[in-house]
Amino acid sequence: MTKTVLTIDDSRTMRDMLKMALIDAGYHVIQAVDGVDGLETLGAHGADVVITDINMPRLDGFGFIEGMRANPDHRSTPVLVLTTESDAAKKQRARDAGATGWIVKPFDPVKLVDAVRRVAA
């Protein structure tokens, strides 16, 4: 059974890069442009793994993760944060919100897919 990955990033280029890496690895990919869109997309389609940016308009990654974790259906869905941020306080804030892991941009497609495989297992 193919696993579904929801990617949330306000950058079309980043969404395209994520989609290419994940489809090449055999995943079904659905996309959202910010945290609000991400919560709507997750509610409509569900996902086995979520990859989200932090800095986005309307609702940032922290708000998305908190909103997602507030829904019992998505309390245990793994969330990988993909961001240019590497600040320890932000990493801790993401963990406190319910993030599973942290990947710094620019990402290595092989390491990204490896991280998705690990959390989706």
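Leu-6 counts as buried because its relative accessibility is 0%. The model is a predicted one, and within it Leu-6 belongs to strand S1.

**Surroundings of Leu-6**

- Apart from its neighbours within four places in sequence, Leu-6 is in contact with Ile-30, Gln-31, Ala-32, Gly-38, Thr-41, Leu-42, Ala-47, Val-49, Val-50 and Ile-51.
- Leu-6 and Leu-80 are separated by 74 residues in sequence, and their C-alpha atoms lie 10 Å apart in space.

**The sheet**

- Five strands make up an open sheet with parallel pairing, and their order is S2-S1-S3-S4-S5.
- Strand S2 (28-32) and strand S5 (101-104) are the edge strands, each of which pairs on one side only.
- From one strand to the next, the twist averages 20°.
- Strands of a sheet pair through backbone hydrogen bonds, in either a parallel or an antiparallel manner.
- S1 and S3 run parallel and are joined by four bridges; Val-5 stands opposite Val-49 in S3.
- Three bridges link S3 and S4 in the parallel sense, and Ile-51 has Leu-80 of S4 opposite.
- Strand S4 (residues 79-83) is joined to S5 by four bridges, and these two strands run parallel.
- Thr-83 has Val-104 as its bridge partner in S5.

**The two faces of S3**

- In a regular strand, side chains alternate between the two faces of the sheet.
- S3 is covered on both faces: Val-49 and Ile-51 are buried on one side, and Val-50 and Thr-52 are buried on the other.

**Helices on the sheet**

- H1 packs on the sheet and touches strand S1 (4-8), S2, strand S3 (49-52) and S4.
- The direction of H1 makes about 165° with that of S2.
- H2 lies across S1, S2 and S3, and runs at about 140° to S2.

**Contact of H2 with H3**

- Two packed helices are described by the angle between their axes and the distance between those axes.
- Helix H2 (residues 35-45) and helix H3 (residues 61-69) have axes that come within 9 Å and cross at roughly 25°.
- At that angle H2 is therefore roughly parallel to H3.
- The crossing of H2 and H3 is right-handed.
- H2 contributes Gly-35, Gly-38, Leu-39 and Leu-42 to the contact, while H3 contributes Phe-64, Gly-67 and Met-68.
- Of the residues in the contact of H2 with H3, four are nonpolar, three are polar and none is charged.

**Contact of H1 with H5**

- Helix H1 (residues 12-24) packs against helix H5 (residues 109-120) at an angle of about 65°, and their axes are 10 Å apart.
- H1 is therefore roughly perpendicular to H5.
- The crossing of H1 and H5 is right-handed.
- Leu-18, Ala-21 and Leu-22 of H1 make this contact with Pro-109, Leu-112, Val-113 and Val-116 of H5.
- The contact of H1 with H5 comprises seven nonpolar residues, with no polar and no charged ones.

Conventions. Residues are numbered from 1 along each chain as its sequence is written. This is a predicted model: local features need pLDDT of at least 70, side-chain atom pairs count only at pLDDT 80 or more; totals for chains, interfaces and linings use all residues. Side-chain values use heavy atoms; hydrogens and water are left out. Axes are lines fitted to C-alpha atoms, for helices over the stretch in contact, and angles run from 0 to 180 degrees between N-to-C directions. Angles under 35 degrees count as roughly parallel, over 145 as roughly antiparallel, 65 to 115 as roughly perpendicular and the rest as oblique. A crossing is left-handed if the near helix is turned anticlockwise from the far one by less than a right angle, and right-handed if clockwise. Contact means heavy atoms within 4.5 Å. Ala, Val, Leu, Ile, Met, Phe, Trp, Tyr, Cys and Pro count as nonpolar, Asp, Glu, Lys and Arg as charged, and the others, Gly among them, as polar. Two strands pair if DSSP finds at least two bridges between them. Buried means under 20% relative accessible area, exposed over 50%, partly exposed in between (1.4 Å probe, protein chains only).
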